[in-house]
Structure formats: structure tokens, C-alpha cells
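Here is a short report on one protein model. Look at the fold before you read on.

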Amino acid sequence: MSIPTSHPGGQDLTLSCDYSYTLPESDQLVLTWYHNGSPIPIYQWVPALDMGPQVIHQLFKDNLDLTYEASDDKFKKHSALRIINPDQRFSGNYKCRVSTFLEEVSEDKDVFIYVPPASIALTITEGVISCQVEAVYPQPQVILAWTVNSTVYTSNEMELTANPLNSKLFDASVAATIEEADIAAQDMMTCEVMIDGTDYDRRVEKSILEKSESSAESDQKVQLVEDLC
């Protein structure tokens with residue numbers, strides 16, 4: 001079974017189940033998918049019935065693409081699980097079981113669904129630099145770094161709150177106060193956001209002096225936003 005260990009929410013996920021069979025047992029094949037050890041299958045497919053897979057688990061009723069075909073082989077055509085727009089509810093253990101009258105084989109693997117940030121904003125306002133991360137799951141790691149006369153400083157003292165639009169997601173921020181008078185032309189500020197257990201790692205970087213000059217000219221909060229939707 002080919003399954004990624006982590007997968008970004010909102011992107012369709014295909015879980016493949018590979019198996020072999022002999023011609024005499026082809027009309028006996030029954031393929032069943034399970035989630036998190038539940039005795040209630042996600043769906044079941046009997047190729048010999050030529051009627052497509054049947055969704056059973058309530059969680060998956062509106063999130064499966066039953067038209068997806070994994071193979072041209074009529075006895076493997078609907079062997080894959082195609083989950084549409086998954087969110088963190090679809091994390092967990094997936095098991096594919098293939099059985100005939102005389103034999104049964106299965107394989108399982110854990111899948112972790114994470115939600116990348118909707119946005120990452122790096123700002124400076126009146127001597128306070130801040131990195132704000134919105135609508136992410138699970139709790140991220142946020143590291144704010146900056147230089148003063150080329151000396152590097154960092155902070156990961158993060159404030160975490162529930163996202164106002166979706167309480168199942170997190171908003172995170174890290175802030176630090178600097179002396180703008182000490183900033184040199186080469187000084188930079190950086191925000192790095194990571195999600196444990198995934199390969200998600202995003203970095204936003206900008207010159208502090210450029211930010212300060214922009215803030216002074218416009219007298220407004222200036223943001224560098226990386227839209228990750």
C-alpha cells in the first residue's frame with residue numbers, strides 16, 4: 001500500500017492498495033478500506049458485481065471520489081481510496097483488506113493531515129517586529145530572527161490562539177522589541193514556520209531598514225504577506 005505519511009489539508013489524497021490474484025479467484029475478490037480501527041468500513045468493493053464501491057462510513061460520505069480509477073485492470077479499478085479536500089479529521093490509520101473465499105491479506109499505515117498556514121505576515125511597527133501566522137494545524141513552530149549591527153537575535157516565545165473563523169485551527173505570533181536607531185542597512189528580519197512531523201518549512205525575510213523607512217513614509221503598518229492558500 002502506497003500512502004504518504006503526511007499530507008496537506010485541502011489537497012486531494014489518493015491511498016493506493018496493490019495486490020495480486022489468480023484468474024480462478026478473481027470473482028471472489030472483496031476489497032475493504034478501514035479507518036482508525038473502526039469495525040465500520042470506509043467502503044467496500046466487490047469487482048465481480050460490477051457496481052462500483054459502496055461508501056459505508058458516515059465521515060467519508062461526502063469526501064470520496066467514487067469515479068476515480070486506479071487501474072485499467074477491472075479487478076483493481078476501484079482499489080484506491082480517493083479522498084476529496086481532506087482536513088485534520090481524516091488523519092489516522094488506514095487499512096486496506098483484500099479477501100477471497102480462502103485467503104485474506106491486509107496492510108495499514110498512519111496518515112497525518114496538516115493544514116498549512118493561510119498566511120504568514122512579517123511586520124515592524126514602532127520598534128516592534130512581529131511574525132503572525134494564521135489558520136494552521138497542528139500548532140506550528142515559529143522562529144523570529146533579526147540582526148542589529150549584524151548581531152543575530154532570535155525568539156520563539158509564541159502566543160497561540162484559536163483562529164476566529166475556524167476554532168479547530170490555530171493562529172500564532174512571535175514579537176520582539178528593537179531599537180530602530182541601532183539598525184544598520186544590512187540588518188534583516190526573518191520568520192520561519194515549521195510543522196512537526198511534516199516537510200512543511202516556510203521562511204519570510206525582509207530588510208528591517210526598508211520596513212522602517214516604509215513605515216515612516218506611510219505612517220501605517222507595513223506587511224510582507226506570503227499567501228500560502
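## Strands and sheet

Two strands pair if DSSP finds at least two bridges between them. Strands are DSSP runs of E with at least two residues, helices are runs of H or I with at least four residues, and both are numbered from the N terminus.

Now take one pair. Strand S15 (residues 188–194) and strand S16 (residues 201–207) are antiparallel and share seven bridges. Cys 191 faces Val 204 in S16. Met 194 faces Asp 201 in S16. Six residues lie between S15 and S16 in this hairpin, and Gly 197 in the turn has a positive phi of about 80 degrees.

## The whole model

The model is predicted: local features need pLDDT of at least 70, side-chain atom pairs count only at pLDDT 80 or more, and totals for chains, interfaces and linings use all residues. Residues are numbered from 1 along each chain as its sequence is written, and side-chain values use heavy atoms, with hydrogens and water left out.

Of its 229 residues, 45% are buried. Buried means under 20% relative accessible area, exposed means over 50%, and partly exposed lies in between (1.4 Å probe, protein chains only). Contact means heavy atoms within 4.5 Å. Among contacts with a separation of 6 or more, 57% join residues 24 or more positions apart.

## Two cores

A nonpolar core is a set of buried Ala, Val, Leu, Ile, Met, Phe, Trp, Tyr and Cys residues joined through side-chain atoms within 4.5 Å. Which residues touch the most other members of the largest core? They are Ile 129, Cys 131, Val 142, Leu 144 and Trp 146, in a core of 24 residues. Strands S9 (119–125), S10 (128–136), S11 (141–148), S14 (170–177) and S15 each supply at least two residues of this core. Beyond four places in sequence, Leu 144 has contacts that include Leu 122, Ile 129, Cys 131 and Val 174.

A second, separate core has 22 residues, including Ile 42, Val 55, Tyr 94 and Val 111.

## Two disulfides

A disulfide is a pair of cysteine sulfur atoms within 2.5 Å. The structure holds two. In one, Cys 17 is joined to Cys 96, with S to S 1.9 Å. The torsion about this S-S bond is about -80 degrees, so the disulfide is left-handed. Cys 17 sits in the loop between strand S2 (13–15) and strand S3 (30–35), while Cys 96 is in strand S7 (residues 92–99), 79 residues apart. Cys 17 and Cys 96 are buried.

Cys 131 and Cys 191 form another disulfide, with sulfur atoms 1.8 Å apart. This link is left-handed too, with -65 degrees about the S-S bond. Cys 131 is in strand S10 and Cys 191 in strand S15, so the pair ties together parts 60 residues apart in sequence. Cys 131 and Cys 191 are both buried.
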